[in-house]
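Subject: Structure handover

Hello,

Here is the structure we discussed, with the sequence. My notes on what I found follow below.

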Amino acid sequence: MARTTPPRPLDVEALFPEVVPYRRDAVRLHPRAGSPGVRESSLGGPVLWPRSVDWPHCDDDHPSTAFAPPPESGALPLVPVLQLFAADVPELPFPTGTDVLQVLWCPFDHAAGYVPRPELHWWDSARCDGEPVAPHRPAGAHDDYLPDPCVLHPERITEYPNWDLPEDIADALEERFEEVEEETGWSYWSHLSVPHGVKVGGYPTWTQDPYWPDCTGCGLRMDHLLTVNSREFDGESWRGWLPLEDTPATGEIWDLPYEERRMIQGPPGLMLGDMGGIYLFVCTRCPDRPYAYHSDCS
């Protein structure tokens, strides 16, 4: 079943024309519990892998936290998180000769952000001739960092900056934002700008001050590639971003039994810090596609 974000409840560009130059396209992936195939875009599902390439492992030093690996674990196999095919998400900046992007991560805390450490892999799917790789479950890994298998429902939307709105424009619009919210009940910040969830492009769903990494190769600011968030919406944003297909026939989403609501709000079962997210960035100017990640999960 497709997932459809409701139309914005207000005309953002008519009310706040100052934000128009900053609008961006994004793809909400809307993961939902399922049994994806190895040649399907998925979250937490089986992935293709070239026979000639060893499966990657992590041998980093891990900080001593509740999400640390058991002592003497050695090199830890990475866990498949996302597999995205160009046919489903052509908006991704696929390098020439590739048509599938995979995000893997080490499902233990790392010193950088105290979250899993992700890796990006771009492949030509025709050359992935090895056996399908099922999601690994390293001993001692917490369920919060191990995504449950989900099928994806890509949907194109338009976003406007939230934390990334230039300070002078945010200051100039502050009073108008407040007036509109008082008159209509709709908040620019929660209902009109940037949704939570797992998505490609657009703006990161910051919960703290924005941090845009610079490319170590060319020195220029990297582009936001994708976000993996713990939840698709929170206690306020659901009114603007809950898909039409998931809207209860009567009452509100919070009236549903907990497990039924969880399968809509957070079907992969991930919990990154206090409902935070991991943001992946890439430099498309450099031929080797350098990437970086950042989190604001605390």
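Leaving aside residues up to four places away in sequence, Leu-82 touches Leu-29, Ser-42, Leu-43, Leu-101, Gln-102, Val-103, Leu-152, Val-198, Leu-226 and Val-228. Please keep in mind that this is a predicted model.

Leu-82 also belongs to the largest nonpolar core, which has 47 residues. Together with Leu-29, Leu-84 and Leu-226, Leu-82 is among those with the most contacts inside this core. Two or more residues come from each of β6, β7, β8, β12 (223–229) and β13 (277–282). The most are given by β7, with 6 residues. Another core, of 13 residues, lies apart from this one and includes Leu-10, Ile-169, Leu-173 and Leu-192. As background, nonpolar side chains in soluble globular proteins tend to be buried together.

Next, the sheet. An open sheet is formed by 6 strands, in the order β2-β9-β3-β6-β7-β8, with antiparallel pairing. At its edges are β2 (32–33) and β8 (117–123), each of which pairs on one side only. Within the sheet, β6 (residues 79–85) pairs with β7 (residues 100–106) over 6 bridges, in the antiparallel sense. Gln-83 has Gln-102, in β7, as its bridge partner.

Last, a helix. Which residues of α5 (residues 258–265) are buried? They are Arg-261, Arg-262, Ile-264 and Gln-265. These lie on the same side of α5, because they cover an arc of only 160° around the axis. The edge strand β2 is included in what covers the buried residues of α5.

Regards

Technical notes: Residues are numbered from 1 along each chain as its sequence is written. This is a predicted model: local features need pLDDT of at least 70, side-chain atom pairs count only at pLDDT 80 or more; totals for chains, interfaces and linings use all residues. Side-chain values use heavy atoms; hydrogens and water are left out. Two strands pair if DSSP finds at least two bridges between them. Helices (H or I, at least four residues) and strands (E, at least two) are DSSP runs, numbered from the N terminus. Buried means under 20% relative accessible area, exposed over 50%, partly exposed in between (1.4 Å probe, protein chains only). The arc is that of the directions from the helix axis to the C-beta atoms. Contact means heavy atoms within 4.5 Å. A nonpolar core is a set of buried Ala, Val, Leu, Ile, Met, Phe, Trp, Tyr and Cys residues joined through side-chain atoms within 4.5 Å.
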